[in-house]
Every structure is written in C-alpha cells, then in structure tokens.
Amino acid sequence: MATVLLVEDDHVVRGAMLRSLADRGHAVHAVGTALDALRRVAAETPDLVVLDLGLPDLDGSDALRMLRGITDVPIIIATARDDEQSVVRLLRAGADDYMVKPFTGAHLDARITTVLRRAGRASRTVQPAVHVVGGLRVDVGERSAQLDGEALALTRKEFDLLAYLAARPGRVVSRRELLEEVWRQPSVGEDQTIDVHLYWLRRKMGESAAKPRYLRTVRGVGFRLVAPD
C-alpha cells in the first residue's frame, strides 16, 4: 500500500480515481488545485503524487517544477498531451512517469507500483552511503552534496546523476547506462535529457564542458567523474 496524493480538479474524475486506488489498498488524499497540492506535500510527505496538468490556478508544468523544489517523491503526470515534445519537457522538469488520459484505475495502479519499485531499486543500488572524490562529498542517505565544504543546491535528478557517477570514480559511464540506471526512460529524449542535466550540474559545481574539473566528457562514449589534477 502507498500513500498517494491525487491532484485533479475535475471532481468526477477525482472521485473515480480515488475510489479505484482505495479499492486497491492505497491511502489516497485528493486536492483540486496546485496550491493545495504544494501545501499538502509540505505538510505531509506522500509516497507518490499523481499530478493533472489542467489545473485551475496554475499550469501543471509550473506546478511540477514547484513540487520538485520542495520534494523528491515520485510524480506521475496525468495529461491529455501525447506529443513527444511535451513528454520530453515534462520528464526534464522532473516527472518520473506520465499517463495519457483516459486511463483505467488498473493501469494507474500498475504505473504507481512500477514507479515505486524503480525508486526503491535505485536507492538500494547506490553503495556505499557516502562517496568522496577530491573535495566532493556525496551523502546518499541524506541526499546531500558538498563541494569544498559548500552545500550544492541540486534537483532530484541532478543529485541522482552526481551520486551515480561519484559511486564509480574514474570509470567511464555510457549514456545508455545513465539512461537505464538513473532515468529509467531509455526511449524518450535521451541525449538532450542527459546534456541538460549535466550542463546545470556543471554550472552548480563551478565548471563547464570546456573547462572541466570533476565531470569529464569522453567523446562518443560517455562521462566520468574524477578528482581534479
């Protein structure tokens, strides 16, 4: 059983989804606006959020970014937008999965189970709990990172990417491996997704692709994290 926050403004759809998930053993809380969702997540951390994009007070994409600013819990997007560009944008903004309306309660329950299983597997496979490479310290248990004693303000995926590379210092990690192990989305917006996250991660670490310190690109192969010379 999972504690699910359902963010859906249509009361008929919201009621049907709530009943369906409750019948499958989940503890479900439902709200109809983005602001209510933000308040609820800040007060009570759910296991997972199902976020509708068509909200009355705030665009769902903006709501997603705001939620990602305060929580790392998995978020499944419920959307009528099925074009690839929209999907890629949502995944870049921090969504863990998406579903195109209409869908059944059984389908949603299966997606919830899969996303939670992925999240659990990812957290179990990063060992040891603390990685130190030069002046970089990544604490997986606390989900915190420091560079030369200064805290790095990272998004969830930026942290996951850094933690994965820091657990394998000096080793070249391919794009394919990053997609499969960090993003779990091997078929949607692959290269751009990695490049965008690496760009922002490098900026926050005070380096760039042209002048790397820790994050090195191995052209045509992948990336590796090393201590500065």
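Reply: A strand is a DSSP run of E with at least two residues, and strands are numbered from the N terminus. In this predicted model, D97 lies in strand β5, which spans residues 97-100.

Me: Is D97 buried or exposed?

Reply: A residue counts as buried when its relative accessible area is under 20%. D97 is therefore classed as buried, because its relative accessibility is 7%. The side chain of D97 also makes a polar contact with the side chain of R111, at 3.1 Å.

Me: Where does H26 lie, and which side chain does the side chain of H26 contact?

Reply: H26 belongs to the loop between α1 (11-23) and β2 (27-31). With a relative accessible area of 11%, H26 is buried. Its side chain makes a polar contact with the side chain of D109 at 2.6 Å. The side chain of H26 also reaches a backbone atom, the nitrogen of A2, at 3.2 Å.

Me: How many bridges join β10 to β12, and over how many do β11 and β12 pair?

Reply: Two bridges join β10 to β12 (residues 222-225), and these strands run antiparallel. The strands β11 and β12 pair over four bridges, in the antiparallel sense. L215 has L225 of β12 as its bridge partner.

Me: Which residue takes a positive phi in the hairpin of β11 and β12?

Reply: That residue is G220, with a phi near 80 degrees; the hairpin has three residues between the strands.

Me: What is the sequence separation of S174 and R224, and what is their distance in space?

Reply: S174 and R224 are 50 residues apart in sequence, while their C-alpha atoms are 8.8 Å apart in space. S174 is found in strand β10, and at a relative accessible area of 24% it is partly exposed.

Me: How does one read the direction in which helix residues point?

Reply: An α-helix has 3.6 residues a turn, so residues three or four places apart point the same way. For helix α6 (residues 156-166), burial extends to ten of the eleven residues, so this helix is largely enclosed by the rest of the structure.

Me: Where is Y199 placed, and which residues make a nonpolar surface patch with Y199?

Reply: Y199 is placed in helix α8, which covers residues 190-204. Y199 counts as partly exposed, because its relative accessibility is 45%. Together with V196 and W200, Y199 makes a nonpolar surface patch of about 280 Å².

Me: Finally, what does the domain assignment of the protein chain give?

Reply: The assignment gives domain 1 (2-122) and domain 2 (130-225). The C-alpha centres of domain 1 and domain 2 lie 26 Å apart.

Note on methods:
Residues numbered from 1 in each chain as written. Predicted model: local features only at pLDDT ≥ 70, side-chain atom pairs only at ≥ 80, totals over all residues. Heavy atoms only, no water. Patch = residues over 30% accessible without salt bridge, like charges linked within 9 Å, V, L, I, M, F, W, Y side chains within 5 Å. Areas by Shrake-Rupley, 256 points an atom, 1.4 Å probe, with all protein chains shown as cover. Salt bridge = Lys/Arg side-chain N within 4 Å of Asp/Glu carboxyl O. Buried < 20%, exposed > 50% of the residue type's maximum accessible area, 1.4 Å probe, protein only. Polar contact = N/O pair within 3.5 Å; in protein donor to acceptor, adjacent residues only side chain to side chain. Pairing = 2+ DSSP bridges. Domains from an automatic or database assignment.
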